[in-house]
Amino acid sequence: MDIDKFHQALDGLTPKQRRVLDKFLCGEKDQQIAESLYITRTTVRKHIESICKAFGLKNLDGERFSKRTELISLFHKYKPELISQNIPANKSEPSNLPSLITEFFVYDSGWTGRDDLIINLTQLLQSSCRLLLLVGLTGIGKTALAERLTIELSSKFDHDPEKLYRKNFDDKSTPSDFVSVAVKWLENAGEQVSSEEKKQPQSLLLRLVTYFCHHPQLILIDSLELVLLGDENTGWSDFIDEWWCQFFASLLSAETCQSRFIITSQELPHQLVAAASRYPNFWYCQRVDGLTETEQFTLFHKVGLGANLPSVEMKLLLRIGKAYKGHPLALRTIAGEIINDFASQVSAYWQQYGPEIEEVEKALAEASQGIIESTNDQWKLDRYSIQLRVKVQSRLEQTFKRLSDNAHHAYILLCIGSVYRVPVQQSWWLRHLEYRGYTNEQQQFALQTLQDRYLVEISFLANNETMLIGMHNLVRSVAIAHYEKLLTQKG
């Protein structure tokens, strides 16, 4: 193929094909491309096959990926800048970023924002902090932040992506007990573990702690909340497997430790916090919140929206971002729907789904006029479109179910609290439990339970120490539906 035919083929690609091509040339795998563009892996493969055909690279029967190398070679020959320009240009990122991000399942080239937070947390982990706990609402970006920090720290820890120590407790295909994970980590380190020793958790703990203390490793642990246990009386913060708490406590109490642990959780593990409190310089807990307005626009631009959009459509994006309080998962999901289902036309998306955003805006406007409480709001931010139901609502529903099963009076408080459109004094919340006969101790415990699970947001009146309790708009959207169910059951 000569250069003229090459440019004709490139110009003839559809916008969707071009977005897939850009990510493919960046080195992303099919699964990463699918997740960042909110399409299936099959669709990614079909797009790449079509792109290859457009450049005269037709696969023979039985071939799957054989023409991909030739496609890359064409771009190296005629358009090498398209390969390099898609690699993030942040100077603080090490040169092996493309190979690193292919090993991650959340962090990708669409990452944006949190620059100051990354700098601060990186400095902590490069100094004395051995254990970093990232906490916050589901989908808020904890895991992506953890993976992003791994990029920053990779040079210090001579990180090999294939040897990254990682445990995702949300992965039901692998065991989550300490012994099983410890054996896997030791064997990955090249150490032999006898059958007899696999029955001795104390021995495994000592060996693993010794290894991590003397060998600089990065360890990512996701969804810690799924190995926490509790009830309405004792709280929801104990480890199902006590050896996990002993493991973390041993790491913190060691005289020196060269490894660093980054843990994500939707819940504050009080058992771990209590053990870590004796070593304030060796651990840190960071709450992760939504993206700022500027970060939201950058996100939209990186996933394929925002560039050259009319001002009226940019304003619609701003309203969407404000309604969702910068929730990254929700905004990326919405961006994917706009791109793939509405041909990147924000106004077309708004015509179908805008009334739900306007419902939120109307309620907040009324609250600013003094109408704080309402049992008639019909927010459906968590479920009004297909992709949001799949990617966001299902996660929130799991959170609500865990709360209902393990701390039911806190669940009731969260549902009833949905009547408040904006943050209000905590006495307003607690009075609902008081009316139902709960003691002061039970009321306070219920509220603390919600705080520990980041299902409510705490703020204070300006120039005043009065504490206000509110909730994220997505959480309220789910809570309203659950409150309606409670009223139906009561009736």
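Begin by selecting R431 and W428, where the charged end of R431 sits over the ring of W428 at 5.4 Å from its centre; a charge counts as sitting over a ring if NZ of Lys or CZ of Arg is within 6 Å of the ring centre and within 35 degrees of the ring normal. Next select R476, which lies over the face of W379, 4.3 Å from the ring centre.

Before going on, note that this is a predicted model, in which local features need pLDDT of at least 70 and side-chain atom pairs count only at pLDDT 80 or more, while totals for chains, interfaces and linings use all residues. Residues are numbered from 1 along each chain as its sequence is written, and side-chain values use heavy atoms, with hydrogens and water left out.

Colour the model by pLDDT (the predictor's confidence in each residue, from 0 to 100). The protein has a mean of 85, with 89% of its residues at 70 or more.

Now select F247 and F248, whose ring centres are 5.5 Å apart and whose planes meet at 55 degrees, so the pair is tilted. Rings of Phe, Tyr and Trp (its six-membered ring) pair if their centres lie within 6.5 Å, and planes under 30 degrees apart count as stacked, over 60 as edge-to-face and the rest as tilted. F247 has 0% relative accessibility and counts as buried (under 20% relative accessible area, with exposed over 50% and partly exposed in between, for a 1.4 Å probe and protein chains only). F247 and F248 belong to one aromatic cluster, whose members also include Y165, W185 and F261.

Move on to Y353 and Y384, a tilted aromatic pair with 5.0 Å from centre to centre and 45 degrees between the planes. Y353 lies in helix α17 (residues 346-368) and Y384 in the loop between α17 and α18 (386-406), so the pair ties together parts that are 31 residues apart in sequence. Both Y353 and Y384 are buried.

Finish with α18, and select Q393, where this helix bends by about 40 degrees (the angle between axes fitted to the seven residues ending there and the seven starting there). Q393 is also one of the buried residues of α18, among them L388, F400 and R402.

Conventions. Helices (H or I, at least four residues) and strands (E, at least two) are DSSP runs, numbered from the N terminus.
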